[in-house]
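Please look over the protein shown below and read the briefing that follows.

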Amino acid sequence: MTVTPLGIPRRLLEFTLDGEPVRAPEGSTILDACRAAGKDVPTLCEGDTLTPKNACRVCVVEVEGSRTLVPACSRRAEPGMEVRTGTERARHSRKVVLELLASSVDLSTTPRVAGWLKEYEAKPDRFGPDAARVDEEPRVDNDLYVRDYGKCILCYKCVDACGDQWQNTFAISVAGRGFDARIAVEHDAPLTDSACVYCGNCIEVCPTGALSFKSEFDMRAAGTWDESRQSETTTVCAYCGVGCNLTLHVQDNEIVKVTSPHDNPVTHGNLCIKGRFGYQHVQNRD
Ligand code: SF4
Ligand code: SF4
Ligand code: FES
């Protein structure tokens, strides 16, 4: 018999979103309500499986009575609130945030950012080429994943996923302070000398491609990575009895990477090394 968890019933809150009355389940964020209403509020550091970190501030909206703009990804909706998502002040703030981020890091593999830069008329070039925050080659020190900190927006999602929010391995953390802050393993060592267990749960949450599958990195370098030619199939991992869901990304009949559905109530997008990276035997046709 299939049992469908219904969850705890939640009261509906009523408030105003861009002048329209809306209702959202108690505990929803403003962002949840915006998405339910079909409004596109840009987000970068928000992660649907992690506690909001409020790192990027690209999601800000205006709330009546609030002196400052508020981050939609973390502010809970309250009854009677009056929220406006597209005011000049909110749009200007998003534009500046996008300019600062896109001038200091490489957002070329961040989904949707090119569209937002255009929509908000952001001009990252105005800070000049010296604005780059980290100017170093990608770190390719193992066969499973690559760290390219020139794309890192310091959202700390990988740190949270590796640490107390999911994996509890604590292999990666923030090193340095202020302008020198960066994601690193202990003593800035190669990943192979760290506590990393190669679950890849950090890649799963990284919004910019700063952490990426070696398979994807190599294919991008060779110019063969083409998401428009990829299909996704969700199946069940057969390695052990946990039964995690795997989403196989297939291009030209080859598995090119493995992710996991975030809405799975048991695993929430997390896997272990076998489920995430152990697929080579499937395509060994010799
Ligand atoms: S590596 Fe990715 S997940 Fe980690 S802080 Fe940088 S952008 Fe965020
Ligand atoms: S991903 Fe790892 S824990 Fe999950 S079913 Fe596969 S082997 Fe087991
Ligand atoms: S997405 Fe809300 S602060 Fe980054």
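The residues lining the second largest pocket divide into four nonpolar, four polar and five charged. In this grouping, Ala, Val, Leu, Ile, Met, Phe, Trp, Tyr, Cys and Pro count as nonpolar, Asp, Glu, Lys and Arg as charged, and the others, Gly among them, as polar. Of the 13 residues that line the second largest pocket, Thr-29, Gly-47, Asp-48, Leu-50 and Pro-52 are the closest to its centre.

This is a predicted model, in which local features need pLDDT of at least 70, side-chain atom pairs count only at pLDDT 80 or more, and totals for chains, interfaces and linings use all residues. Residues are numbered from 1 along each chain as its sequence is written, chains are lettered from A and ligands numbered from 1 in the order in which they are written, and side-chain values use heavy atoms, with hydrogens and water left out.

**Whole chain**

- The protein chain has seven helices and 12 strands; helices (H or I, at least four residues) and strands (E, at least two) are DSSP runs, numbered from the N terminus.
- With a radius of gyration of 20 Å, close to the 19 Å that the globule rule gives for 286 residues, the protein chain is as compact as a globular protein of that length.
- That radius is taken over C-alpha atoms, and the globule rule is 2.2 Å times the number of residues to the power 0.38.
- Of the 286 residues, 47% count as buried, where buried means under 20% relative accessible area, exposed over 50% and partly exposed in between (1.4 Å probe, protein chains only).

**Pockets**

- On a 1 Å grid over the protein atoms alone, a pocket is an open set of points where a 1.4 Å probe fits, with protein on both sides within 12 Å along at least five of seven lines; lining residues have an atom within 4 Å of a point.
- The largest pocket is lined by 41 residues, and Pro-111, Glu-204, Cys-206, Pro-207 and Thr-208 lie nearest its centre.
- Helix H6 gives four residues, the largest share of the lining of the largest pocket.
- By class, the lining of the largest pocket has 13 nonpolar, 13 polar and 15 charged residues.
- The largest pocket lies between domain 1 (9-131) and domain 2 (137-280), because both give residues to its lining; the domain bounds come from an automatic or database domain assignment.

**Ligands**

- Ligand 1 is surrounded by 13 residues, the closest being Cys-152, Cys-155, Tyr-156, Cys-158 and Cys-206; a residue counts as near a molecule if one of its heavy atoms lies within 4 Å of it.
- The shell around ligand 1 has 11 nonpolar, one polar and one charged residues.
- Among the residues around ligand 2 are Cys-237, Cys-240, Cys-244 and Cys-272.
- Seven nonpolar, two polar and one charged residues form the shell around ligand 2.

**Loop residues**

- Most residues other than glycine have a negative phi.
- Glu-121, which is not a glycine, has a positive phi of about 55° and is exposed, with a relative accessible area of 52%.
- Asn-253, in the loop between S11 and S12, has a positive phi near 65° and counts as exposed at 60% relative accessibility.
- Asp-263 sits in the loop between strand S12 (254-259) and helix H7 (273-277) and counts as exposed at 69% relative accessibility.
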